Amino acid sequence: MTTLLRRVPGPGGPSWRCLAAVLRGTHIRTARLIQRDGARMLAGVRLPLAGHSGAPRRWQHTEAAGPAEVDVRRLEEGDDGIVEVVMCQHKARNALGHVFVSQMRELVSTLSNDSSVRVVVFRSLVPRVFCAGADLKERALMNNSESDLFVHSLRSLMTQIASLPMPTIAAVDGVALGGGLELALACDLRTAAYSTQMGLIETTRGLLPGAGGSQRLPRTVGIALAKELIFTGKRVGGQAALEMGLVNRAVEQNQTGDAAYREALSLAREILPQAPVAVRMAKQALNRGVEVDITTGMAIERMCYAQVIPTRDRQEGMAAFIEKRPPRYTGE
């Protein structure tokens, strides 16, 4: 690999294409690159959804037999580009049941193909609950094979969330246990209220984290602390989570019970004005680079940097700097 990297001359050469093939073979989830308007863009970045308006709206689910357990809202006016994934299964406290998971997968798939979305905030409308984890009533009815297949589908969903091309923020205003914390860990950033409780508690139920928690937690807080939290099934509050690096920001809960959401929205608004293609490429460089050695990581950074050079946003950023005005990025 090191020899190969030293021979990479540039984005158009055969060694570069060889490097890309090697990276795909190492299970790094890379995005396919295509040519568009003379500039390389990410495959899968498409036009906004048909019928999109600035007002908050619901996207229809294919299995619309009952009320939505997961919904999507687009913010408007100055917050245009921020989308909320809203978890609203009150009866089961946002437990990860079949319907919830299916609806979440459908919505995440839709978001991944919408280039108008700049930031996604995952939040709950269930008081004092972010996501309670597995739906144990459903799980009790499954045999061993069915349970294994369902947990695999949960793991796949978390990977799908982690692979969203735009930044994602989990607003944890209530308990996030087991799969609930795994969902938050699949997001890029996390905010929490001091009063919340978080933990991978599977070992207290005779299990281990099965939806990515055993892999994402040590990558977030370090291997030693992750082992302590998983081996003991310990729950931590928002302040402790902030100190250990499990969340990015923690705040006192407010009377309406949505302090973490408000903090997540504030963070999303800080990301919103930045160049969308540059932010997406930065996410790719970070996520892919952290899984490999530093030399390969540098090559990944170069590949991602090459995507922003021909963009209009880069030209706009330079022009805005020279003209001493705020840039107006369009994502092109």
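I began with Arg269, which lies in helix H10 (residues 259–271). Helices (H or I, at least four residues) and strands (E, at least two) are DSSP runs here, numbered from the N terminus. This is a predicted model, where local features need pLDDT of at least 70, side-chain atom pairs count only at pLDDT 80 or more, and totals for chains, interfaces and linings use all residues. Residues are numbered from 1 along each chain as its sequence is written, and side-chain values use heavy atoms, with hydrogens and water left out.

My cut-offs: buried is under 20% relative accessible area, exposed is over 50%, and partly exposed is in between (1.4 Å probe, protein chains only). Leaving out residues up to four places away in sequence, Arg269 touches Asp79 and Ile82; contact means heavy atoms within 4.5 Å. I also looked up Val119, 150 residues away along the chain, and its C-alpha atom is 8.7 Å from that of Arg269.

**Whole chain**

I noted 13 helices and 12 strands in the protein chain. It has 332 residues, and 49% of them count as buried. Among contacts with a separation of 6 or more, 65% are between residues 24 or more positions apart.

**The six-strand sheet**

In which order do the six strands of the open sheet run? I read E3-E4-E5-E7-E9-E12, with mixed pairing. Two strands pair if DSSP finds at least two bridges between them. E3 and E12 are the edge strands, each pairing on one side only. On average, neighbouring strands of this sheet are turned by 20° against each other, direction ignored. Axes are lines fitted to C-alpha atoms, for helices over the stretch in contact, and angles run from 0 to 180 degrees between N-to-C directions.

Strand E3 covers residues 70–74, and four of its five residues are buried, so E3 is largely enclosed by the rest of the structure. E3 runs antiparallel to strand E4 (residues 82–87), and five bridges join the two. Within E4, Val83 stands opposite Arg74. Helix H3 (residues 98–112) lies across E3, E4 and strand E5 (119–124), at about 25° to E3.

Next I went to strand E9 (residues 189–193), mostly covered, with four of its five residues buried. Strand E7 (residues 168–172) runs parallel to E9, joined by four bridges. E9 also pairs with strand E12 (residues 249–251), in the parallel sense over three bridges. I traced one row across: Val172 has Ala192 in E9 as its bridge partner, and Ala192 has Ala250 in E12.

**The four-strand sheet**

The other open sheet I looked up has four strands in the order E6-E8-E10-E11, again with mixed pairing. Strands E6 (129–131) and E11 (236–237) stand at the edges with a single partner strand each, so one side of each has no neighbour in the sheet. Strand E10 (residues 197–199) pairs with E11 in the antiparallel sense over two bridges, and Met198 has Val236 in E11 as its bridge partner. Helix H6 (residues 179–186) packs on this sheet, touching E6, strand E8 (175–177) and E10, and its direction makes about 95° with that of E8.

**Helix pairs**

H6 also packs with helix H5 (residues 144–162), at an angle of about 25° with the axes 8 Å apart. H5 and H6 are therefore roughly parallel to each other. Angles under 35 degrees count as roughly parallel, over 145 as roughly antiparallel, 65 to 115 as roughly perpendicular and the rest as oblique. Met158, Ile161 and Ala162 of H5 meet Gly179, Glu182, Leu183 and Ala186 of H6. I sorted this contact into five nonpolar, one polar and one charged residue. Ala, Val, Leu, Ile, Met, Phe, Trp, Tyr, Cys and Pro count as nonpolar, Asp, Glu, Lys and Arg as charged, and the others, Gly among them, as polar.

Last, I checked helix H11 (residues 276–289) against helix H12 (residues 294–308): their axes come within 9 Å and cross at roughly 165°. H11 and H12 are therefore roughly antiparallel to each other. Their contact includes Met281 and Arg288 of H11 and Ile300 and Glu301 of H12. By class, the H11 contact with H12 has eight nonpolar, four polar and two charged residues.
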